[in-house]
Amino acid sequence: MTNIELIQTLNQQKHLTFEQWTQLIGTFTEREQAYAADLAREISLARFGNKIFFRGIIEFTNYCKNDCLYCGIRRSSGASRYRLSKEDILLSCEDGYRAGFRTFVLQGGEDPWFSDERMEEIVRAIREGYPDCAITLSLGERSRESYQRLFDAGADRYLLRHETADKQHYESLHPPEISFENRMRCLYDLRDIGYQTGCGMMVGTPGQRPEHLASDMLFMCGFRPQMIGTGPFLPHHDTPFRNEPAGSADVTLMLMSLCRIMLPDVLLPATTALGTLDGEGRKRGVLAGANVIMPNLSPLAVREKYMLYDGKSISGDDAGESLDILRRHMQEIGYELQVGRGDYKEGTDK
C-alpha cells in the first residue's frame, strides 16, 4: 500500500499492523503529512467544532527522586529546587479561575515530600474551592493505593506519559531502578480506578527508530487513552543526552494527526515542547488535529526553575494576559477557546 492508502485504511478501520505503522512513520513525505493533517483537522472539527480546550498547568515542585537520562530536573542535575505551598497552589487556582480556567493540572517531579496525605489535602482543597473545575494530576509513578486515594479526594484525570512502548528502548532512557513494567502497571491501574487517563511518547529520543513509534501506536490503539500528550525530545545541558539532537517537529505533528485519526475522540494537546521547538508549533498542532492547549499558571517566580529541557518557552504573563494572547493566536487560524472543563466524551458526533 502507499502511505496515502495506509492513512485512508487507518481512517476506516482505526488500526494498522506493526509493519504498516513502521512504513508510514518511517517514510512519509511532506505531501502525505499534509494529507493526514487535513483529515485529522476534519475529524477534530466534526467532533469538537472550532473550539479549543485550555487547561492551566501549575508546576508545583521540581524536586524529583528519579535520575532519568533526558530530564532537566533529574535527581543529579544542578537545578535550583523549589516546592509550592498549598497556599501558593490555591492562589494559582484562584488567578486561573478568575481568568476563565476550569481545569487545573498539577504537575511536578516525583517528590516524596508530597506524600499521599499532603496531596490529598491539596486535591480536597481545590475540589472544595472549585467544584465546577476538573483536577488533573501529573505526578509520575505511585502505588495503586495512592492513585485511589487521590481519586477519592477529587482528582478527575491523570497524565502519565508511557514515553515509549518498547521495553528495551525504555530502559535506554532510564536508570535500572525505573522499570517499564511498573510504568505500564501504573497506566492500567489509573484506567481501572476510573481516571480519565493520558499517556504519550517523546518523539526523537536517542536511539528511537520508526519501529519504536509503531509500537507506541499499537499500544495506544489497544489501551485507548482519553488523552495523548506527544511532544518532541529536547535536550537539556545538565543531562547525559545534552549533545543529542532534538526530535522533529514534523514527525511529532504527523503522529498527532495519526493519533486523531486513530482515536477521534481523544483529548490531544499541542504541547509546550512543540511550541518551544517550533515558534508556530501550537498553531500547527491545532491545524494537525490537536484540541487542547495548556498555558502555565505557575507563579512567575518559579517558572524558570521548572526546566525539563533547554530553551523552554516561558511567558511572564499572568493568567488573564496569557489567555488573551492565546485567544488571539487561535482566532488567527479560525479557532476559539472553549471555557469549561472539557471532559472526554466518546462518540461526540454519533
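# A guided tour of the predicted model

Begin with the open sheet of six strands, whose order is E2-E3-E4-E5-E6-E8 with parallel pairing. Its edge strands are E2 (56-61) and E8, each of which pairs on one side only. Strands (E, at least two residues) and helices (H or I, at least four residues) are DSSP runs, numbered from the N terminus, and two strands pair if DSSP finds at least two bridges between them.

The model is predicted: local features need pLDDT of at least 70, side-chain atom pairs count only at pLDDT 80 or more, and totals for chains, interfaces and linings use all residues. Residues are numbered from 1 along each chain as its sequence is written, and side-chain values use heavy atoms, with hydrogens and water left out.

Select strand E2 together with strand E3 (residues 103-108); five bridges join them in the parallel sense. Across this pairing, Glu59 stands opposite Gln107 in E3.

**Second stop: strand E6.** Select residues 196-199, which form E6; Gln196 and Gly198 point one way, Thr197 and Cys199 the other way, and all are buried. Buried means under 20% relative accessible area, with exposed over 50% and partly exposed in between (1.4 Å probe, protein chains only). Strand E5 (residues 157-159) runs parallel to E6 and is joined to E6 by three bridges. Here Tyr158 stands opposite Thr197. E6 also pairs in the parallel sense with strand E8 (residues 227-228), over two bridges. In E8, Met227 is the bridge partner of Gly198.

**Third stop: the cavities.** A cavity is a set of points, on a 1 Å grid over the protein atoms alone, where a 1.4 Å probe fits but cannot get out; a pocket is an open set with protein on both sides within 12 Å along at least five of seven lines, and lining residues have an atom within 4 Å of a point. Grid points are joined across faces, edges and corners, and a volume is the space filled by probe spheres set on the points. The whole structure holds two cavities of 30 Å³ or more.

The largest cavity contains about 70 Å³ of space. To find this cavity, select lining residues including Val105, Thr136, Leu159 and Met227. Its lining has seven nonpolar, one polar and two charged residues. The classes are as follows: Ala, Val, Leu, Ile, Met, Phe, Trp, Tyr, Cys and Pro count as nonpolar, Asp, Glu, Lys and Arg as charged, and the others, Gly among them, as polar.

The second largest cavity has a volume of about 40 Å³. Phe60, Thr61, Met119 and Leu139 are among the residues that line the second largest cavity.

Turn to the second largest pocket, of about 190 Å³. Helix H4 (residues 86-99) gives the most to its lining, with four residues. The lining divides into five nonpolar, two polar and four charged residues.

**Last stop: Ser257.** Select Ser257 in helix H10 (residues 249-262). Ser257 counts as buried because its relative accessibility is 1%. Beyond its neighbours within four places in sequence, Ser257 is in contact with Ala36, Ala37, Ala40 and Ala288, where contact means heavy atoms within 4.5 Å.
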